[in-house]
Every structure is written in structure tokens, then in C-alpha cells.
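Here are my notes for your review. Please read them with the structure open.

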Amino acid sequence: MKLFNITNELINNQEVIDKVIHHNAGAVSVFIGTVREMTGEKQTRYLEYEAYVPMAEKQLEKIGDEIQEKWPSAKTAITHRIGTLQISDVAVTIAVSTPHRQDAFEASRYAIERIKEIVPIWKKEHYSDGEEWIGNQKGTEKYPEGRPERIEK
Amino acid sequence: MKLFNITNELINNQEVIDKVIHHNAGAVSVFIGTVREMTGEKQTRYLEYEAYVPMAEKQLEKIGDEIQEKWPSAKTAITHRIGTLQISDVAVTIAVSTPHRQDAFEASRYAIERIKEIVPIWKKEHYSDGEEWIGNQKGTEKYPEGRPERIEK
Amino acid sequence: MVQILLFASLAQQAGTRKISLELDTPVTIEQVRDHLQNQLGQLTGIENALIAVNEEYADLTVEITKGDTIAFIPPVSGG
Amino acid sequence: MVQILLFASLAQQAGTRKISLELDTPVTIEQVRDHLQNQLGQLTGIENALIAVNEEYADLTVEITKGDTIAFIPPVSGG
């Protein structure tokens, strides 16, 4: 059972949740990212995700390690989907269990923020009027120090 | 499809999640409360929940209304189980979808806090060495103003 | 006739969850509560219970009338 | 021989995701990057891409050696 994985298949939320439920968990915070149709005035028709798969899985594991360090009794599982996704499809499911609820919420939120910082996955929006790689691909903003904040080597 | 309900059956998390997924949701924050074995030194064998069912469902709906007011584009579903629950069983599942993730986390957390304040559900712990109704049943603490904070009439 | 509902530790102490009461005149919830304790003996914690009338939280001073359902709600512990 | 991996907009511009490069002597990633642009033309955004060597983030100044895999990682947008 892989706690951190990238998949081409539909994500089964319950499968991710089951990976973190155990006898001393009292709370599970699950975050599910889904494909939204409207972003401001722009209408998404579908999305494509690609990943540097082996490194992305390692980086997801690293996020799990960071969570373990910050919230020692947390257990984390993350599945991110790649390929072509339609509106309302699940792109990512994060589950974190902890004995008490506050930690679960905080750790789950931490996980999604970190995914957006350090995991090599890219999203291309296919809008009704064109397409675009998301995430400052044009180099108009620079990462501080040439790398995303908080990346540790 | 009832968005807010009390049930005697096992909770199907995905069913609750499905109630809030829609084309302009981009984030779903799910909170799952499970039965934890250890609380400090105390070992739980199993739990019993009871509810004032019709009022509890109304109060859950009220929480949904409060969320709608605070986060207008949120959609909320809550299922709470009653009866006898074993270790790791799901007692409550809350799902909140929003266009953006921050609101989903905040609203989901708001929902669980409010459940613990205003919804007439009671938990009896069956420990390895005795049993206890949880929630200050002995009257050793008084609610401010004789009622839980933030209850509005 | 009014219905009185008890839950959790209150129901356990009373040995019942539901009591029917004949009312001659309108009474306050406080009076109902006193009456209950005369009938059933001391119910520990009832002073601290919230009150719901017809499934809505209400004050002790509310007058109840025929057909009402009064619930004594010990501190809740769901979630 | 080293492997160079391109992703997202960089792969799209380059028309390929994977390039093999013969190395005579150890070179820095910066030199690899310059070489790539000589070969493929200007890749918009490559200046801003992070670098991973063998699946770990690395600095531009790192020297690479035979068998290494160098990935150019445009700003990520998962989640």
C-alpha cells in the first residue's frame, strides 16, 4: 500500500482515507481538489496534468515526513492524478489522521500548500477560448533565491 | 437527498462527499470523526451515541445555513451516526465544497466546532474500567448565560 | 397535555425518556422542571440542561401550552 | 552520457521531453542549460525553472557527471 502516489486512474477517496485510519486516530481531515469550471470569467473545458512521476512521489513522501515532524502522531496519505481531467474530476486527495481534530486540519492544509510549492506536477488549462500552462511559466515572477520558498535541499 | 442527517447505519463517506461536489467546486474539505481507542490513560472499548433526532437534524441544517451566510458559495453536507460504535468507526462526516480551498477548510472546521456546541447528540464512553457520559453532565461547569456560547435563539 | 423528553444522563437517572404531563394552566419551564424533580427525585445536572420547546432552544421563562414538547438537553457531546 | 528531462511548457517548446547528451568533462548545470538553448533555440522560462539532479532539487552550480539525470522544472502547479 503506497501512501504517496501519482496515478493515471480515477482517485478512490475512500481508499486514500482507509490508509490513514487506525485505532488511535480520532479525526481525519481530507482535502479533495476538484476541477472547477469557472475561474473569474474564464471557462475551463478540461485540464491536463503531467508530472515528473518518480520525483513527484518522492516529494509527496517528503511532505509526509515534514508533517510527521510537525505533528508526530499524524498519519498522511496523498494521491495525485495526472492525465486528462474533466470538470468535477478529483485531481488530488489528501488524508491526514490525528488523535485530535485541530492537528488534522492544520496538517491537511499544510500538505496542499506544500504540494503547490515543491511537487513537480503541472496543470494545463484548456479554456473555451485557448489553453495555458498554469504557474508563471513565462518567468514574469522570480522565485526568491531562484527556488520556491521553503524548499530545503 | 438529505444534506443533513442522523443515521443508525454505517456512514458512507463518498456518499456525503458526492452531495457537495458540483461544477464550480474546486475544493472539498472533509472532516471525519472516528472512535479513538486511547484518551490519555483511558482505554475506550466502544461508544454509544444518542440524539434528539429531529432537533439534531434541524440544528445541522442551521449550521449549514450559518456556513452559507459566512461563505456564500459553500455547499455543506453532514451525516452523524448514532447507536453503538466500535474503535475506528466513523461517527461524523462533514463535507464542504467551495470554489477555493481556504474557505473549504475554514467552513469545515467551523461545522465541527458548531456540532459540538449546538447539536443535541450525546456520547457515552464505555472504557475498560467503567462508563461515562461525555460533556460536563455533572454540572461542574456552567454555560455562559446558561447556554452554549453563540447559540442564537 | 405536554410531552417532556429526557436524554443521556438525565434519561438514565430518570429511568425514562418521555413523560406526559397534564396541564391545567400555562406554566413556565422552570415550573415543569420543579414538578419533574418532585415526581422523579433529584436529577443531577438538570439545572444545567438547556431547554428546547418544539425542537428550538428556549429560555426557562417561556410559558408552555398544550401540545408543546419540552426537551431537557444536557451538555451536548456529538462530533 | 547524461539524460535531460523537460516538462510542461519547456517540453512543449522543445518538442521533446528527453534529450541525451554526451559529456567529455564534468560540466555545471548552467553549461548544460546554455548548450540546450544552442541546440533547441530559446526556451522561454527555462531561466526560471528549478533544477533537479537525480530527482532531487539542486543548484545551478552543481557539477554533473556521467549517468546523471537533469530535470528542468518549470514553476509547479499541482493540487
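**Notes on the predicted model**

1. Start with the helix pair in chain B. The axes of helix 2 (residues 53-70) of chain B and helix 3 (residues 101-118) of chain B approach within 10 Å, crossing at roughly 145°. This is a predicted model. The crossing of helix 2 of chain B past helix 3 of chain B is right-handed.

2. Which residues make the contact in chain B? Helix 2 of chain B supplies B:Gln59, B:Leu60, B:Lys62, B:Ile63, B:Glu66, B:Ile67 and B:Lys70. Helix 3 of chain B answers with B:Ala107, B:Tyr110, B:Ala111, B:Arg114, B:Ile115 and B:Ile118. By class, this contact between helix 2 and helix 3 of chain B counts 8 nonpolar, 1 polar and 4 charged residues.

3. Now chain A. Its helix 2 (residues 53-70) and helix 3 (residues 101-118) have axes that come within 10 Å and cross at roughly 145°. Here too, helix 2 of chain A passes helix 3 of chain A in a right-handed crossing. From helix 2 of chain A, the contact residues include A:Leu60, A:Ile63 and A:Ile67; from helix 3 of chain A, they include A:Tyr110, A:Ile115 and A:Ile118. The class count for this contact in chain A is 8 nonpolar, 1 polar and 4 charged residues.

4. How are chains A and B related?

5. Next, the core. The largest nonpolar core has 88 residues, and among them C:Ile73 and D:Ile73 touch the most other members. What does D:Ile73 contact, once neighbours within four places in sequence are left aside? From chain A, the partners are A:Tyr52, A:Met55, A:Pro120 and A:Trp122. From chain D, they are D:Ala49, D:Leu50, D:Ala52 and D:Tyr57.

6. Last, a loop position in chain D. D:Thr44 sits in the loop between helix 2 (29-40) and strand 4 (50-53) of chain D. Is D:Thr44 buried, partly exposed or exposed? Its relative accessibility is 39%, so D:Thr44 counts as partly exposed.

Key:
Residues numbered from 1 in each chain as written. Chains lettered and ligands numbered in written order. Predicted model: local features only at pLDDT ≥ 70, side-chain atom pairs only at ≥ 80, totals over all residues. Heavy atoms only, no water. Axes fitted to C-alpha atoms, helices over the stretch in contact; angles between N-to-C directions. Helix = DSSP H or I, 4+ residues; strand = E, 2+ residues; numbered from the N terminus. Left-handed = near helix turned anticlockwise from the far one by under 90°. Contact = heavy atoms within 4.5 Å. Nonpolar A, V, L, I, M, F, W, Y, C, P; charged D, E, K, R; others polar. Core = buried A, V, L, I, M, F, W, Y, C linked by side-chain atoms within 4.5 Å. Buried < 20%, exposed > 50% of the residue type's maximum accessible area, 1.4 Å probe, protein only.
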